[in-house]
Number of protein chains: 2
Amino acid sequence: MDSSSSSHGIEQLQQGCYYEWMSLQAKHIVNLKEALMKNDAHHKLEELVGVIVNDFQRYAEKRSELSNRSCSSYFAPSWNSSLENGLLWMGGCRPSSFIRVIYALCGSQTETQFSSQYFHKIDGNENADESDGFMSELTAMQLGNINELHIKVIHKEDKITKQSANMQEDVVDMPIAVTAYSRDLVEAGVEVEDALDKHEEGMAVLMAEADKLRIETLRKIVEVMTPVQAAEFLLAGKRLHVSLHEWGRVREERRFGRAHAGAVAGGAGAGKPKRSATC
Amino acid sequence: MDSSSSSHGIEQLQQGCYYEWMSLQAKHIVNLKEALMKNDAHHKLEELVGVIVNDFQRYAEKRSELSNRSCSSYFAPSWNSSLENGLLWMGGCRPSSFIRVIYALCGSQTETQFSSQYFHKIDGNENADESDGFMSELTAMQLGNINELHIKVIHKEDKITKQSANMQEDVVDMPIAVTAYSRDLVEAGVEVEDALDKHEEGMAVLMAEADKLRIETLRKIVEVMTPVQAAEFLLAGKRLHVSLHEWGRVREERRFGRAHAGAVAGGAGAGKPKRSATC
């Protein structure tokens with residue numbers, strides 16, 4: 001009960017933290033787009049990319065603090081659509097999906113059927129200098145590095161997934177299973193509450209580990225890329241986020257005929273994204 | 001839009017199906033308890049166990065039908081507490097957790113610190129015939145079989161988990177990533193809607209596979225056990241369900257100060273469980 005009073009209103013705090021992050025992401029999108037269209041100097045782009053990656057780290061730290069007091073809500077947040085929650089991995093996107101975004105966007109023109117010019121001209125940018133190195137022009141060495149990273153990231157993801165599976169299984173152990181079995185009256189009692197608290201604490205640690213992997217992956221991707229490529233990659237990830245959040249919300253509204261919490265602020269593009277290739 | 005009109009109200013149907021199943025589970029608990037306390041004949045217990053396993057299969061089939069029209073909602077249902085959704089695996093409990101329940105309950109007395117008599121006397125049942133074979137008296141051969149099953153089930157779970165990870169990653173591919181990236185205006189369009197539909201259909205297939213594994217595991221466990229043990233096991237699973245549903249709801253109310261959907265009908269014991277050692 002001690003912990004409950006201190007965690008009262010925790011969901012409001014978590015939701016506030018999320019929407020704050022989403023507004024910041026909308027700003028990131030505008031800044032990235034402008035910088036790419038203006039053909040900003042490399043050091044300026046580099047700086048922007050650095051700021052954005054650091055912002056993500058700060059968000060993860062804040063989330064981690066808040067998850068200490070109630071982690072479960074991060075595994076299927078009420079502010080997400082079902083579509084987004086169905087795509088969730090450890091309270092966020094799969095780090096491996098960052099790399100899939102790169103593959104999808106840079107992918108060989110023969111496969112993806114659009115020319116590299118397509119990316120040079122996002123939203124009407126005609127001034128791009130070919131030598132800046134766009135995503136569609138990743139070198140063989142860059143792609144090799146990214147592929148290597150992909151394999152490592154998948155391996156680390158699988159490890160965290162396995163830990164989470166073990167923790168889920170562990171819940172069905174002493175004292176929880178025995179307390180539930182031994183009596184009809186469903187009251188948790190101190191022992192069970194402690195076990196559930198411990199479970200949630202463990203999940204919070206795992207989520208922090210997953211966030212660490214997300215940030216680490218992001219940093220490594222950005223390291224491999226030129227500043228223009230990194231800016232394009234971040235823009236792609238953020239737009240994908242915003243889009244998935246919005247598409248999920250619209251699909252849900254159409255299906256269930258209800259307005260979702262996520263619809264409150266911001267329209268197309270400026271919405272509050274969440275999952276899948278966050279950064 | 002065609003599919004949206006036919007799926008309007010689908011969440012109500014899914015929720016209705018869930019609550020129906022929960023009421024049936026409450027009945028199962030009463031029936032199992034009575035049968036165990038009355039020391040019913042083996043063939044009668046066997047019949048009851050068979051009915052209950054078949055009921056679960058029917059529930060899974062119904063759920064599968066409904067998930068065809070909207071699968072995402074099953075991956076973090078609104079009728080579950082955060083705690084339950086955090087424990088969810090492929091829209092339900094981990095089949096391996098069935099076996100963990102057995103270990104927890106039958107577990108060597110030295111480890112679990114309660115005597116086998118404890119289980120013989122659930123809710124005051126003093127008439128139990130020792131020769132009926134209670135869970136705490138699983139033979140070495142039975143435990144060996146169950147252990148073998150555990151390993152196989154974990155292997156199959158991991159395979160499904162991996163498939164789901166791949167599907168999550170695939171979302172961040174063509175055409176979704178490219179559509180999101182290529183414009184500011186967040187509108188899905190036919191191509192993206194089709195891709196998201198396809199993703200949800202794939203997830204529905206995976207959930208059905210997971211349900212199949214849950215049922216298969218349940219049947220195999222029951223086969224290894226005596227009728228009394230099987231009835232005890234099912235009772236344990238169902239009570240654990242009810243309890244986790246109720247505990248999650250209470251914890252959520254205490255934390256967020258909100259009444260959860262799951263609290264509507266039924267009090268202690270007769271509630272509407274969901275996850276973790278369902279059967």
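Is Arg94(B) buried or exposed? In this predicted model, Arg94(B) is buried, with a relative accessible area of 4%.

## A buried pair in chain B

Arg94(B) forms a salt bridge with Glu157(B), and the closest N and O atoms of the two are 2.8 Å apart. Glu157(B) lies in helix α8 of chain B, whereas Arg94(B) sits in the loop between α4 and α5, so the pair ties together parts that are 63 residues apart in sequence. Glu157(B) also counts as buried, because its relative accessibility is 2% and the cut-off for buried is under 20%.

## Pairs within one helix

Side chains of opposite charge can pair when their charged atoms come close. In helix α10 of chain B, Lys220(B) and Glu216(B) are four residues apart and are therefore separated by about one helical turn; the closest N and O atoms of their salt bridge are 3.7 Å apart. Lys220(B) is partly exposed at 35%, and Glu216(B) is partly exposed at 25%.

In helix α11 of chain B, Glu246(B) and Arg249(B) are three residues apart, and their salt bridge has its closest N and O atoms 2.6 Å apart. Both Glu246(B) and Arg249(B) are buried.

## Where chains A and B meet

The axes of helix α10 of chain A and helix α11 of chain B come within 12 Å and cross at roughly 75 degrees, which means that α10(A) is roughly perpendicular to α11(B). By class, this contact has four nonpolar, no polar and six charged residues. A network of salt bridges links Glu193(A), Asp197(A), Glu200(A), Arg251(B) and Arg254(B).

Methods. Residues numbered from 1 in each chain as written. Chains lettered and ligands numbered in written order. Predicted model: local features only at pLDDT ≥ 70, side-chain atom pairs only at ≥ 80, totals over all residues. Heavy atoms only, no water. Axes fitted to C-alpha atoms, helices over the stretch in contact; angles between N-to-C directions. Helix = DSSP H or I, 4+ residues; strand = E, 2+ residues; numbered from the N terminus. Parallel < 35°, antiparallel > 145°, perpendicular 65-115°, else oblique. Nonpolar A, V, L, I, M, F, W, Y, C, P; charged D, E, K, R; others polar. Salt bridge = Lys/Arg side-chain N within 4 Å of Asp/Glu carboxyl O. Buried < 20%, exposed > 50% of the residue type's maximum accessible area, 1.4 Å probe, protein only.
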